[in-house]
Every structure is written in structure tokens, then in C-alpha cells.
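Trainee: I have a structure to read and a few questions about it. Can we take them one at a time?

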Amino acid sequence: MTSTPGAAASTALLTDHYELTMLQAALASGAAHRRSFFELFPRRLPAGRRYGVVAGVGRALDALESFRFGEAELAFLREERIVDEPTLAWLADYRFHGNVWGYPEGEIYFPYSPLMVVESTFAEAVVLETVLLSIYNHDSAIASAASRMTWAAGERPCIEMGARRTHEGAAVASARAAYVAGFTATSNLRARQKYGVPSTGTSAHSFTLLHDSETDAFRAQVASLGRGTTLLVDTYDIAEAVRLGVEVAGSELGAVRIDSGDLGVLAHEVRHQLDDLGAHDTRIIVTSDLDEFAIAGLASAPVDGYGVGTQLVVGSGHPTCGFVFKLVAREDDRGTLVGVAKKSTDKISIGGRKYALRRLSPQGVAEAEVVGIGSPAVNDGDDRPLLTPLVRDGEVVGREPLKAARARHLRSRDELPQVARQLSKGDPVIETVHER
């Protein structure tokens, strides 16, 4: 499921002031209509990360379709004197007519991967910079953290539950991005409504505290939600709560959730207790400020699933990816396409329209990120092209269901060398090679 195109509010003011002042000056000089190529890319991975994950592609395509200057947006720009009347007239008719290629959602990326290539006039593309970066930087940061968490979890499911720890809009986007990178469900109902992400949830400590006794609370929950429900057992005494839970629900109790304490030690104690009570199939779910390191540390514990909140929605220490959106080629006065690039220290970009492929060994293991400059890189037969059409002549052609992105992510991650699984700080697991 995806959001419905055309029904969303305008995204045109999700932009920076200078995008429109640049537009005004370029329109006045006549350069605004030059054919141009912009590129969205990372100069580096977040410190210590070995790979990154692309997310937000579908949301970016929705935002592009909704990038329209209606009466309200134009009135605001006029009243605030942001731009002049000729620019307002141009914005009133704004439609993106160009082409966009990009890494599809769920794909792995590395330094200088050309995640999005935008071809159009300078004017049509430059105004999209801020909204595209906003979506890609946030969603890819969440997906990159989620990927490390789901890899650490192995076959055990991870549930996203970070809505209370971030902006309400970011919470929905985070749930979507986490689902792309392998999380099985979210606590957020808006993410289910808008994107079809499965949702789950039972009760909080307040439900237990509401009742006169823990027994009363458990009876009320089981009576309403069935014996397969998950009981929260750390409001008072965990061992006593587990005993009461099995007493109320019997051996058919679905799961117990532990939200505090030494989760590894407690999981072993609770598993022994459940087995002694005959509840061999009752699962143990753990929550409480988990990240990929805590999940990995619980690998040997008898845990059946993880609920992850705060650390997921802040990118587990890296809340943005550092993506940039740069002009890399444009027509000159003679109509010839020329590469252009920023050369300042530490913020270098590489001029020229880009192409990309993942170089694979005969065994299907990723060996390099190969970026062709000006023409496609040479495919030796085992390699996999990475850029796919997203927009053609202004029409979105790259929208896909989230399940396709989820499947792609697993395939792409499985191509990586085994060292990519390591959570310790390191360099990108494959190098980026530029070919001209």
C-alpha cells in the first residue's frame, strides 16, 4: 500500500528561501532554462558505518507530484515579498517535466553512490533540492540503523515503537523506513493507514496500574484480547507476574514482555519459569532502549522478539546521512553539456552525469561500487546496474509496493561481504571506483 497521489497537500513550501531567490536571479539572467543534471549523493558514510540503506524513494516521488504552487502558496510568497512577480508567474505554472533515475528503495549505498540523478532545466530541478534531501536524509538514516538491527536480530522479529520519541510526522516516516529494512511491524497506526505497515500492540504499565490488582488487569486483557495476547510483566515483580499470567491465560498465553532490568538475565529466568509452568510456547518479547549492540548482546538469550524505539528513530547515533544535491552538468552557451563540480576542501563533488553498477564476484559477492562518469561503466557480465527510471518526462514511473523494497533490501544486503555484519566501527565494506 502507498499513499494516494494527488490527494496530498502541496509540498512546494517545504523548501529553503534561497532556492527561490536563486530561481529569480536565474530567470532574470536567462540561465534558468539551461539543461542541467543534478545528483543526490553521499560524500561519505556516517563515521564507522560499513554500508548504508536507501529509503524514502516512494515518499520523495509523492512529494514531487505534490510540488505545486497553488493560490495559498503564491499569496504567501507575494505578501512576504520572497520573490518578484515574474518569478511568481513562473511558479504558478510550475510542473516538473524532466527525468529522474535513482537507486530503488531498499538498495545498499556507499560513498559517492549517485542515489538520484535529475535531468531537467536548472529552474525545474533546483527548487526540489530541499524536499528531496529532507526525505532521503531522514528515511535512509532510519533504514540504515534498522538494517543493522535486523541483521543483529537474525530470525527474531523487530517491532518499531519509536513514535513517542520523535516528531509525529517523522514517526510515520520512521515506521515506513524501518519496515523497508526488515522490521516486521510498528506500533504506529498512521503508518499502517498510510503505508500498509503491519501494526501491533497490547498494553502499557498504566493498564496494570488502573486495576486493583495485577490479576484483575491480566484477566481483563485476556478476556478482551484472548489467550494469545502479550502480557507486560515488569510493573511490580516479574516472577509473580509470570506466575499470574500463566494462571490466568494458561499454557496458551501468547507472550510476556519485559521492559526493564537486565534483559539477558531476566529472559533466562523467565524462560525457565514459563517452561516449569508448562507454557513452553509462550514467547518472550523484550523492550527498553534497545539498539543493534544490545540486540546482538541478547543473541544467546531465550528472547523471541525485540521492540525498538528511541535508538531507531534517531538513527542509532546517526540521525542524518549527509546527502547533498549538487549540479554536476549543464549546457554551456553553445548548447554543449559540460561537467561542473564544487572543489572546496572536504566538500568536493565530481562533475559529469553519473551511472552506477555493483561489481560482483562470480560467487555473487559485492566487490566494488562502480560509478561511470559521462557514460555507463563497463559491465563484465556479473555486475548489477543500480539506477532505475523513477520519473520520465515528468510522469512518475518508479512507484512500487513496500514489499518489493523489503525483498530488494534483503537481496542487496546478502550480497555484501561477511565483514558487513560486524557492528564494530570500520570502513565501507567495498570501495567506490569512478570510471570515465
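Trainee: Which residues line the largest cavity?
Mentor: Remember that this is a predicted model. The search of the whole structure finds 1 cavity of 30 Å³ or more. Its lining is made up of Arg49, Arg50, Tyr51, Arg148, Ala420 and Gln422.

Trainee: How many residues of that lining are charged?
Mentor: Sort the lining of the largest cavity by class. There are 2 nonpolar residues and 1 polar residue. The charged ones number 3.

Trainee: How much space lies in the largest cavity?
Mentor: A probe the size of a water molecule, rolled over the atoms, shows where empty space is left. For the largest cavity, the space comes to about 30 Å³.

Trainee: Are helices α3 and α4 roughly parallel or roughly antiparallel?
Mentor: Helix α3 covers residues 71-79, and helix α4 covers residues 85-92. They pack at an angle of about 170°, with axes 11 Å apart. Angles over 145 degrees count as roughly antiparallel. Therefore α3 and α4 are roughly antiparallel.

Trainee: How many residues in the contact of α3 with α4 are nonpolar?
Mentor: From α3 come Leu74, Leu77 and Arg78. They meet Glu85, Leu88, Leu91 and Ala92 in α4. Of these contact residues, 2 are charged and none polar. The nonpolar count is 5.

Trainee: How far apart are the end C-alpha atoms of residues 13-136?
Mentor: The unreviewed UniProt entry annotates residues 13-136 as "domain: Nicotinate phosphoribosyltransferase N-terminal". Over that stretch the chain is 42% helix and 18% strand. Its end C-alpha atoms are separated by 17 Å.

Methods: Residues are numbered from 1 along each chain as its sequence is written. This is a predicted model: local features need pLDDT of at least 70, side-chain atom pairs count only at pLDDT 80 or more; totals for chains, interfaces and linings use all residues. Side-chain values use heavy atoms; hydrogens and water are left out. Axes are lines fitted to C-alpha atoms, for helices over the stretch in contact, and angles run from 0 to 180 degrees between N-to-C directions. Helices (H or I, at least four residues) and strands (E, at least two) are DSSP runs, numbered from the N terminus. Angles under 35 degrees count as roughly parallel, over 145 as roughly antiparallel, 65 to 115 as roughly perpendicular and the rest as oblique. Contact means heavy atoms within 4.5 Å. Ala, Val, Leu, Ile, Met, Phe, Trp, Tyr, Cys and Pro count as nonpolar, Asp, Glu, Lys and Arg as charged, and the others, Gly among them, as polar. UniProt positions are given in the numbering used here, feature names are shortened, and annotations may be inferred rather than shown by experiment. On a 1 Å grid over the protein atoms alone, a cavity is a set of points where a 1.4 Å probe fits but cannot get out, and a pocket is an open set with protein on both sides within 12 Å along at least five of seven lines; lining residues have an atom within 4 Å of a point. Grid points are joined across faces, edges and corners, and a volume is the space filled by probe spheres set on the points.
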